[in-house]
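Morning, everyone. Let me put the model up, and then I'll walk through confidence, fold and contact.

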Amino acid sequence: MLKKTVLMTMVLVAFAAMPALGAQAEAGAAPAASGVKWGAIGAAFLLGIAAAAGAIGQGRATSAAADGISRNPGAAGAIRTMTIIGLALIESLVLYALLIAFLIRGL
Amino acid sequence: MEHHSILYEPVNRLLIALLGEPPVERLSPGTAAFFFPDGKGAWIPDPAIMTLLVLLIFALFFPLAARRYSREKPGAVQNFLEMVVAGIRSLLSDVIGHGAEKKYLNIIGTFALFIFVSNVFGLFFFLQPPTGVLSTTVALALLSFIWFNAQGIREHGLIKYLAHFMGPVLWLAPLFFIIEIIGNFARILSLSLRLFMNIYGEHTATGIFAGLAPIVVPWPLMALGLFTAVLQAFIFVTLSSVYVSLATAHEEY
């Protein structure tokens, strides 16, 4: 449920950021007026938060996997497969944030 | 950062010599940008050339490997390929179970091999990975989406398949239906974006590092890139198998 909410939010944000690609010609004037590059600042903060949250999640997954294998070395194959899949899925959420950072970094 | 592969110039120069320049003026701007994204300079864009190269490698390699098939004395290539096929079969039987590996081995194996070889192209400085552009990954994700939905419709029939999305309780059905449909379509987005961002990010980072310090420093990044190549192919086919197993699931209580 949480993942679906996150995904829907990503879809909405991505579609909201799409006009930025087309409107790059006019949008170039807006930040130059005050000189503050909000797009770059936003992208930097976004990526920092996303990487931190992703690292916390992946750390918990890895530690749980290590615990599981140490308790039951026979299940190491199954635990390893599940861990790799879980890590890649967490990583993909961080990569969605990287995509948004690419889209807004020029604004 | 328009870094082109080594085949981009020769192929397009040959095509321009044979066919003249691309007819960009005769099409509307949107159509021209769709068919000829590089304008008048190129008939075939770089990712398409790289995809054709992957096809060429497959078309040359696999028939040759199959010709050397020997049951009693397998060579090294045959052993390796049998390992790959056995791995995909075991993955399918783990995720889907009971007889699925015969039905789905073809398409899942194709996805796995194509995505793996395309990702590995990113490790070579003279090639570009076809999966490093959004076009290829969205195409792969759309194929996977159409495929697993078609399997679900074939298994259950259209009405019962759509009734899947209603959720467990009847009076929540409208809400559940919307959420499930959006989640279903979000699978295209997640599959394509995951693969694209992994490979594009890896390729760009390796390029930057190789530009800074070409000798020893890119090697850990390239090892990570190889790991990412294998992992992303594995994740794509695992998720596709999970989606098809969810779509064709028979709830027997």
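A word on the score first: pLDDT is the predictor's confidence in each residue, on a scale from 0 to 100. We need it, as this is a predicted model.

Start with chain A. Its average pLDDT is 79. At least 70 is reached by 70% of the residues.

Now chain B. How many helices and strands does chain B have? The count is 9 helices and 0 strands. So much for the tally; next, dimensions. Along the principal axes, the C-alpha atoms of chain B fill a box of roughly 65 × 60 × 40 Å. Chain B has 253 residues, and 29% of them count as buried. Take the contacts in chain B between residues at least 6 apart in sequence: 66% join residues at least 24 apart.

Last, the contact between the chains. Chain B contributes 14 residues and chain A 12 residues. On the chain B side, helix H8 (173–212) and helix H9 (218–247) each supply at least two residues. H8(B) gives the largest share, 11 residues. By type, the chain B side splits into 8 nonpolar, 5 polar and 1 charged.

That's the tour. Over to you.

Technical notes
Residues are numbered from 1 along each chain as its sequence is written. Chains are lettered from A and ligands numbered from 1 in the order in which they are written. This is a predicted model: local features need pLDDT of at least 70, side-chain atom pairs count only at pLDDT 80 or more; totals for chains, interfaces and linings use all residues. Two residues are in contact if their C-beta atoms, placed from the backbone, lie within 7 Å. Helices (H or I, at least four residues) and strands (E, at least two) are DSSP runs, numbered from the N terminus. Ala, Val, Leu, Ile, Met, Phe, Trp, Tyr, Cys and Pro count as nonpolar, Asp, Glu, Lys and Arg as charged, and the others, Gly among them, as polar. A residue is buried if 20 or more other C-beta atoms lie within 10 Å of its own, exposed if 12 or fewer, and partly exposed in between; C-beta atoms are placed from the backbone.
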